[in-house]
Structures are given as structure tokens and as C-alpha cells.
Amino acid sequence: MQRIVVVGPSGAGKSTLACELARRKSVPFVELDALHWKANWTSTPADEMRVVVAKVVAADAWVVAGNYSIVRDVLWPRADTIIWLDYGFCVAFWRVLKRTFRRLIRHEELWNGNRESWKSTFSRDSILWWAITAYGKTRRTIPEALAQPEFAHLKVVHLRSPHQTRSWLRHIADEGIMGLKDELKEYYTVQELASLLRVTDAAIEKWEQGGEIVGDAFDTVTRFPRHEVEKFLNKRRRVQIRRAGLAGLGVLAAIGAGFAALKLRGNDKNEE
């Protein structure tokens with residue numbers, strides 16, 4: 001998963017999930033709403049938005065949140081994964097309701113200086129009304145689009161509830177941990193890493209003989225709590241830093257002893 005699009009009804013948590021995935025993978029997070037809405041709730045023209053999105057998705061890796069059909073033919077062909085948050089109406093609407101009132105009470109800024117207002121919340125332009133009227137269309141058009149042959153290359157992650165999404169997040173390869181592979185190899189011996197991962201003696205022996213258990217081992221790493229991995233790494237780093245410090249002191253002591261020896265030798269010559 002290098003180029004991900006998160007889709008689903010309003011209130012499903014597309015932006016929250018996309019932002020978290022982007023953080024884990026250390027790649028750009030793009031919210032289509034932020035590209036669509038200019039100041040004073042002015043919509044970006046379709047042609048202009050398509051150009052902007054095309055520039056965004058030209059990169060090698062990103063996570064995008066949003067359903068906008070006007071950019072689907074620009075966005076989806078570049079994606080490799082679609083995460084579809086297919087939540088029930090009550091779940092999605094309740095989330096929209098809570099989010100809207102939180103934004104109103106806190107006077108939160110959304111995109112380009114825009115804020116939700118009490119007046120707009122109870123108008124025909126309300127996000128609440130949009131969540132009600134667009135829900136059925138969104139739930140119908142997403143599977144229709146996924147069935148198109150031009151999108152057959154996409155891996156689809158279909159999540160039907162917040163609980164399922166949380167479970168999926170816990171079990172997917174955390175790119176932040178996966179990024180520690182090289183550090184694990186650098187700071188740990190086979191035995192230490194085996195201890196961390198609770199790998200069996202047979203696996204250790206296979207590894208030491210050049211066998212391919214690296215993939216299995218690091219699959220285990222990805223399920224190991226991140227804070228535990230970081231704690232082990234930090235401990236190892238501190239040990240190495242102390243060793244480096246002691247080695248440095250040893251070098252300085254040797255240099256000092258050398259100068260002292262040279263000085264004593266010079267004094268001996270002077271006395272002769």
C-alpha cells in the first residue's frame with residue numbers, strides 16, 4: 001500500500017483514518033475537501049480541481065481522503081488501494097452530528113479559513129442534510145465504480161464498522177515499525193531479536209544458517225506493540241552510546257598518556 005484512497009459516507013472517519021495511515025507511512029496526507037473548498041465556502045471549478053489532484057497523485061506515495069467523483073478518473077488509476085468505510089447510516093450520521101456540534105462549539109477552522117456556523121447547520125446547505133441525502137448515493141456508487149474494469153488493479157479493503165476498522169488497523173503492517181527493520185538488524189544480535197520476538201530455537205538455528213525467516217520474524221514485529229520495540233531500541237542505543245563514550249575516553253586517555261610519556265622523555269634528555 002503506497003497510494004491509498006479512503007472513501008465512504010460523510011462522518012465515517014475518512015480523514016481521520018487517512019491521516020493516521022499517512023502518519024504511519026510517513027507520506028503526504030491529502031484531504032479532497034481541502035482542495036475543493038476555497039475561502040468563504042467557494043467551490044473549486046471541476047477542471048481546476050482535476051489539475052490540482054493530478055499534480056498531487058503524481059507522487060510515488062500518498063494517502064487521500066474523499067469521494068469526489070469529478071476526480072475519480074484522475075485519482076483511482078494512480079492508486080493501488082481503496083479503503084471503503086461502509087458504515088451503517090446511524091453510525092455515520094451520529095458521527096457527523098457529534099463532529100458538527102464540536103466544530104460549532106469550538107469554532108474550529110476547517111479549510112482555507114472556513115468554519116461551520118449555526119445558521120448554515122440548520123439550512124438546506126447543512127452538512128447534516130448532506131449526510132442524509134448523500135448517504136444512499138455514496139453507498140451505491142462506490143461498489144459500482146469498483147466494478148469498472150479500469151479499476152480492477154485496485155486492492156479493496158472493505159470495512160463495515162468502526163470496530164472492524166480498529167481491528168484492521170491493529171493487524172496491518174505498521175509502516176512505522178516496518179521502517180525499523182534496518183535498525184533492528186543493526187542494534188540486535190539474532191538472539192536478542194529472537195528474545196524480543198519470542199522466536200523459537202529452531203527458527204534461530206534456521207536464521208543463523210542463512211534460512212529465510214526474516215519475513216516471518218518481522219511479521220511478528222509488526223504485531224508487537226510499537227512502544228515495546230522502541231523501548232528495546234532506545235535501551236540498545238543507550239548501551240552503544242555509553243560504549244562509544246567509554247571508547248572515546250579511552251582514546252583521549254591514550255593520547256594524554258602519550259603526551260605525558262613524550263614530556264617525560266624530553267625531561268630525561270634535558271637532565272642528561
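Which residue stands opposite Val63 in E5, seen from strand E1? Residues are numbered from 1 along each chain as its sequence is written. Because the model is predicted, local features need pLDDT of at least 70 and side-chain atom pairs count only at pLDDT 80 or more, while totals for chains, interfaces and linings use all residues; side-chain values use heavy atoms, with hydrogens and water left out.

- Helices (H or I, at least four residues) and strands (E, at least two) are DSSP runs, numbered from the N terminus.
- Strand E5 covers residues 62-65, and two strands are said to pair if DSSP finds at least two bridges between them.
- E5 pairs in the parallel sense with strand E1 (residues 3-7) over 4 bridges, and in the parallel sense with strand E2 (residues 29-31) over 3 bridges.
- Buried means under 20% relative accessible area, exposed over 50%, and partly exposed in between (1.4 Å probe, protein chains only).

**Salt bridges**

- The whole structure holds 8 salt bridges, each defined as a side-chain nitrogen of Lys or Arg within 4 Å of a carboxyl oxygen of Asp or Glu.
- One of them joins the side chains of Glu48 and Lys38 (3.1 Å, N to O).
- Glu48 lies in helix H3 (residues 46-56) and Lys38 in strand E3 (residues 37-38), so this pair ties together parts that are 10 residues apart in sequence.
- Glu48 is partly exposed at 35% relative accessibility, as is Lys38 at 32%.
- Arg50 and Asp73 also meet through their side chains in a salt bridge (2.6 Å, N to O).
- With Arg50 in helix H3 and Asp73 in helix H4 (residues 72-75), the pair ties together parts that are 23 residues apart in sequence.
- Arg160 forms a salt bridge with Asp86, their closest N and O atoms being 3.8 Å apart.
- That pair links distant parts of the chain, 74 residues apart: Arg160 is in the loop between strand E7 (155-159) and helix H8 (162-171), and Asp86 is in the loop between strand E6 (81-85) and helix H5 (89-106).
- Arg160 counts as exposed at 52% relative accessibility, whereas Asp86 counts as buried at 5%.
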